[in-house]
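Student: I've got a model open and I'd like to learn how to read it feature by feature. Could you walk me through it?

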Amino acid sequence: MLTIRRAHESTRIEELSLEEVPDLLHTSETPLWFDLDSPTQAELDFLEKQLRIHHLTLEDIVNQNQRPKIESFEDYVYLAIHPLVRKDDLEIEPAEVDLLLGHNWLVMVHYGPIPGLVQNSQFNERLGLALARGADFLLYTIVDLIVDSCFPILDQIDDEIEALEERLLGKAALEDMNRLLTLKRSLVHIRRAVGPQREVFNQLTRRDFPFVRPEYTVYFRDVYDHLIRITEELDSLRDILSGAMEVHLSSISNQLNVTMKRLTAWGTIFVVITAIAGIYGMNFEYMPELKWRYGYLAIMTLMGGISIGLYFYFKKKDYF
């Protein structure tokens, strides 16, 4: 679905029909915003014809498997960035948003809602003012909200890791280990999405790209700083998660050692009394104790005394 908007009377947004666009592109200096959600082939053909979008760019948009990047063409600048999508409670994966900045127009292509943007009331409040200041400032507004939407996700992951650490120090369940591995996989996905984006905005702040006015470079530098903070926080969370996993594995190893010590102690006790019982279970005819009236009582007393003695010995050595 294609939605076309322009700023009208400073901060008010006006939606336009497709038929009005060709004339406005050639006669008006008012910035236009093209928002395409799951674009059709006809809408892509419109971009190619009216905005002169290169067919390779359109191919990248359709395939939706691009690494975050920035490319400069004669009539526009193409950016591919990855917002984070929460698929369930813990599973987080990057999506893709394609942004094309031209002379007084901005195209945003996405498949489905964009986290931190479409459903963000702050974006609706900032949209009119941003579009009135130009397509390049609208580009900054969009990428700023997309990047900032990562912080609440990281905070939630931090809280989940902290709760997992407390459970792992106690009696961890198999479900906790599965959640820990899911969090680790989510952090890998986030790192793969954020790392290349940092380089994209580093280029945007250090090079002169067409259609980006120099006075707005400082705003993109702010986005770059936010990405650095996200990367540092990701590294910190990854270290904490690795530490939690090591703590969990150490806890399992300690529990196994304790269990083995107890089994060894009980085994030692039963080996001794089994040996005694085995000796007197032999079928020799001349075994003096077999004819003794108190032999059974004496042997049972001996085995009980040895068992109790070994039990307290092992208990003193912290085997029980």
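Student: How much of the protein chain is buried, and what does buried mean here?

Tutor: Buried means under 20% relative accessible area, exposed means over 50%, and partly exposed is in between, using a 1.4 Å probe and protein chains only. Of the 320 residues in the protein chain, 43% are buried. Keep in mind that this is a predicted model, where local features need pLDDT of at least 70, side-chain atom pairs count only at pLDDT 80 or more, and totals for chains, interfaces and linings use all residues. Residues are numbered from 1 along each chain as its sequence is written, and side-chain values use heavy atoms, with hydrogens and water left out.

Student: How do I read the radius of gyration of the protein chain?

Tutor: It's taken over C-alpha atoms, and you hold it against a globule rule of 2.2 Å times the number of residues to the power 0.38. For 320 residues a compact globule would come out near 20 Å, but the protein chain has 35 Å. The spans of the C-alpha trace along its principal axes are about 125 × 35 × 30 Å.

Student: What is the accessible surface of the protein chain?

Tutor: Such areas come from the Shrake-Rupley method with a 1.4 Å probe, and for residues only the protein chains shown count as cover. The total here is about 17,800 Å², and carbon and sulfur atoms own 54% of that.

Student: How many positive and negative side chains are there?

Tutor: Lys and Arg count as positive, Asp and Glu as negative, while His and the chain ends are not counted. Each charge is placed at NZ of Lys, CZ of Arg, CG of Asp or CD of Glu. By that tally the protein chain has 32 positive and 49 negative side chains, with the centres of the two sets 12 Å apart.

Student: How many helices and strands does the protein chain have?

Tutor: Helices (H or I, at least four residues) and strands (E, at least two) are DSSP runs, numbered from the N terminus. The protein chain has 9 helices and 9 strands.

Student: And what share of the contacts in the protein chain comes from residues 24 or more positions apart?

Tutor: A contact means heavy atoms within 4.5 Å. Looking at contacts with a separation of 6 or more, 65% join residues 24 or more positions apart.

Student: Let's zoom in. Where is Leu-138, and what is it in contact with?

Tutor: Leu-138 sits in helix 5, which covers residues 135–148. Beyond its neighbours within four places in sequence, its contacts are Trp-33, Leu-106, Leu-127, Ala-130 and Leu-131. Pro-31 is 107 residues away along the chain, yet its C-alpha is 9.3 Å from that of Leu-138.

Student: What about Leu-139?

Tutor: Leu-139 is in helix 5 too, and it is buried at 1%. Leaving out residues within four places, Leu-139 is in contact with Leu-79, Leu-99, Leu-101, Leu-106 and Phe-220. Its C-alpha lies 9.0 Å from that of Met-108, 31 residues away in sequence.

Student: Which side chain has a polar contact with Asp-136?

Tutor: A polar contact is a pair of N or O atoms within 3.5 Å; within protein, one must be able to donate a hydrogen and the other to accept it, and residues adjacent in sequence count only if both atoms are side-chain atoms. Here the side chains of Asp-136 and Arg-213 are joined at 2.7 Å. Asp-136 belongs to helix 5 and has a relative accessible area of 3%, so it is buried. Besides Arg-213, Asp-136 touches residues including Leu-101, Tyr-216 and Phe-220.

Student: Which residues have a positive phi although they are not glycine?

Tutor: Ser-38 is one, at about 50 degrees, and Asn-104 is another, at about 65 degrees. Ser-38 lies in the loop between strand 3 (32–37) and helix 2 (41–50), while Asn-104 is in the loop between strand 8 (97–102) and strand 9 (105–110).

Student: Are those two buried or partly exposed?

Tutor: Ser-38 has a relative accessible area of 36%, so it is partly exposed. Asn-104 comes in at 19%, so it counts as buried.
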